[in-house]
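Dear colleague,

I am passing on the structure we spoke about, and below it you will find what came out of looking through it. Please read the notes with the model open beside you.

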Amino acid sequence: DGTRLHNENTIDGSEIGINDMLIVELTTQSPLSEKQQITQKNSGVKNACRSCGEEHSKLYYCECKSVKYCGKLCLEKDRKFHQDDCRKILNKDQFANDQARKFKIKNQATLGPNSNYGICGLQNLGNTCFMNSSLQCLSHVTELTKYMIMNEFVADLNDKNPLGTGGRLACAYSDLLKDLWESNQNSVSPWNLKNVIGKYASQFSGYNQQDSQELLSYLLDGLHEDLNRVKRKPYVNNDIEYKGQPDPELASFFWNNHLARNNSIITDLFTGQFKSQVQCPDCRFISVTFDPFVSVSLPIPNKEYLSITFYLVFRDSTTIPLKTQLRFPSTTLVSDIIEYVTKQKNLNMNYFTLYSLVDNSIDKPMPLSYTLKNLKESQNYYFLYEEIDPVIDNKLDEKGKNYEFHIEYFDISQKRGYENRPSLNKASYTRFFYLPLNATYHDLAITLYKINRPFLLLLLDYQQTLPIDFDKFLKHIKAAQVPNYEQEYQMMTQLEKEPYQLYDKYPNVIKSTKDQIQSGQTVIFYQLVFNQFIRSECLKLNRCADSEFNNIDQPQKQNQCNLFDCLQQFCQEEILGQEDQWYCSKCKQHKRASKKMEIYKAPNILILHLKRFRSSRSYGYFMSGSSKLSVYVDFPVSQFDINNFVLDKSKSYVYDLFAVSNHYGGLGGGHYTAYAKSSNDNRWYDFNDASVRDLKSSPQSDAAYVLFYRLKQ
């Protein structure tokens, strides 16, 4: 086995040893002449004169080799009609020949009975198994390989593209493919291709272990730019506001803009289209874009369960709140948590909302689309409130059309604060309730009394010293079999010292009157301050009991999932993290918006990357603190039907697997191999650097990292 050297290689860079033998191959054949001969034999040009239409055996090709004539007379008669097409063909052929000579491109491959047809190993040059794995998978994209080894790519070389490598990557890749497919050697060296890649992508220049998917992404992007048929990219404006346009209309707009600047065989084979929808959590503005992709990175559902503790607070204050500790998968939604809890208690989940509390005050409701992972990131306290009890709140309209009252509890400290005024201490977490829009301040006072009545009665059991009239009042209401809240409230207001006083946020005293509540907002905050003679700890405002359906001690494991689970999670709506906030053009601020990614249309060659590595990145590989998910992902080998995950319904999306890039071991090293199905004999092979053997087992394993699928025709 040897290494093929090229004219641009230097003696030092080639690492030629003193005992190495050099073999020089001389050729006088034009790089494309053999292809032209084959084209003439198999061109399919009609065996009839283009000018007079006669069919006979003695016809002559025009110099462009695309049409035939009886002789010079017919050729001259037809020249004015054919000359433009002829000139274009000749110019294209001349360009291809010029490019072939410029880049010293090898002749097109001649595949014979002894050729490898891609069943050939790649030598490891030093931690290059990641590259070999990707190259073997890509080699079995036969549509691309035929285009490269038959030198069809030469006519598309775009050596002036500043985003490419001047055509060098495409030429080096073509040369390697010819070695893999045409030769009969057991293995060949990818040395020249690695040098080109390292020259233009410094992260791959050394001999450290890298990521096969990252190398694949670079290779496809580099080939696309080297083979981009668009020589001068026009300016395109993708700034279009979403106004409810149908998906096909918007998708076509973005796709045509993409093709105006990007048109290569990579686009033809590998490029699909995402639909991305982002919504502002405040103004509800929606942005919709359709973006191209060449591979899909799929999350592996994380079944390493996370625990969450929250307090279940009922609308009926006589029911003791429940301290609830549950364990769910980190991808569990807030809506799923609420549904689970309410089913356990046989309650209506529509009346419950999960809130975060900061300093015992309600901060904000948690969106139903938040995941458990989102909740754990904020490290707040959480309360699951029953906002409405149909029995207690039987006069309420739809919840969104009512005043929402937030009541914060305080007691008066014995210490004196600023200007010798009594200071307030937060006595408990916030309670809240709803009242109709036409409610009066008296309705507010009665509702508040109903909520606090059970806590006031506890003073009889836990506080020994109480004012005499207040003690009699409590004993009186405790003896009542059926509470008369109106009468009891009036009695309480006649006491020498009322047990509590209600203030607004300014703070002004709120009195019980028949006046309708006036507020410019539907959410109103009040402060309820207990009188100094009440010890707030005796009210048991923060009492709770352990939930009977806690599952925190139940061991839960998930050792596998399937590819459809990964697609489902990919398409799931998410809330952007603090560091990934989206700029809302309406609010003029960055927001933690909700984002939903979906596949609008899928390509002929579908590459699926399983996101097994979760890590910080250093120069090309993994830093400490990284982790690898070794979960077995079950994926179809044939009849992979993703129609339910693709929005475009103009055709059927059913795929067959033909290659897999595998990763074995842990981080900071490990080993890559590849499985691929030969188009020549329809057998699966195991490619392990220079070694190639029949794959005796299924290509499905827990090492699968990148999957290659071909659309069924």
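The largest share of the lining of the largest cavity, three residues, is supplied by β15, strands being DSSP runs of E with at least two residues and helices runs of H or I with at least four, both numbered from the N terminus. A cavity here is a set of points, on a 1 Å grid over the protein atoms alone, where a 1.4 Å probe fits but cannot get out, while a pocket is an open set with protein on both sides within 12 Å along at least five of seven lines, and lining residues have an atom within 4 Å of a point. Please keep in mind that this is a predicted model, in which local features need pLDDT of at least 70 and side-chain atom pairs count only at pLDDT 80 or more, whereas totals for chains, interfaces and linings use all residues. Residues are numbered from 1 along each chain as its sequence is written, and side-chain values use heavy atoms, with hydrogens and water left out.

The largest cavity has a volume of about 180 Å³, a volume being the space filled by probe spheres set on the grid points, which are joined across faces, edges and corners. Its lining has 18 residues, and Val313, Phe314, Arg315, Ser317 and Arg431 lie nearest the centre. β12 (381–386), β15 (431–435) and α13 (441–457) are the elements that give two or more residues to this lining.

The second largest cavity, at about 40 Å³, has among its lining residues Cys129, Tyr672 and Asp689, and α4 provides the largest share, four residues.

Turning to the open spaces, the second largest pocket has a volume of about 1100 Å³. Of its 30 lining residues, Pro299, Lys373, Gln569, Glu574 and Lys611 are the closest to the centre, and α12 gives the most, with four residues.

Glutamate 574 also stands opposite lysine 595 in β23. β20 and β23 pair in the antiparallel sense over two bridges, where at least two DSSP bridges are required for two strands to pair. They belong to an open sheet of four strands in the order β6-β5-β23-β20, with antiparallel pairing.

Finally, the largest nonpolar core has 60 residues, and Tyr173 is one of those with the most contacts inside it; such a core is a set of buried Ala, Val, Leu, Ile, Met, Phe, Trp, Tyr and Cys residues joined through side-chain atoms within 4.5 Å, buried meaning under 20% relative accessible area with a 1.4 Å probe and protein chains only. Helix α6 (residues 168–182) contributes the largest share of this core, nine residues.

Best regards

Terms used. Buried means under 20% relative accessible area, exposed over 50%, partly exposed in between (1.4 Å probe, protein chains only).
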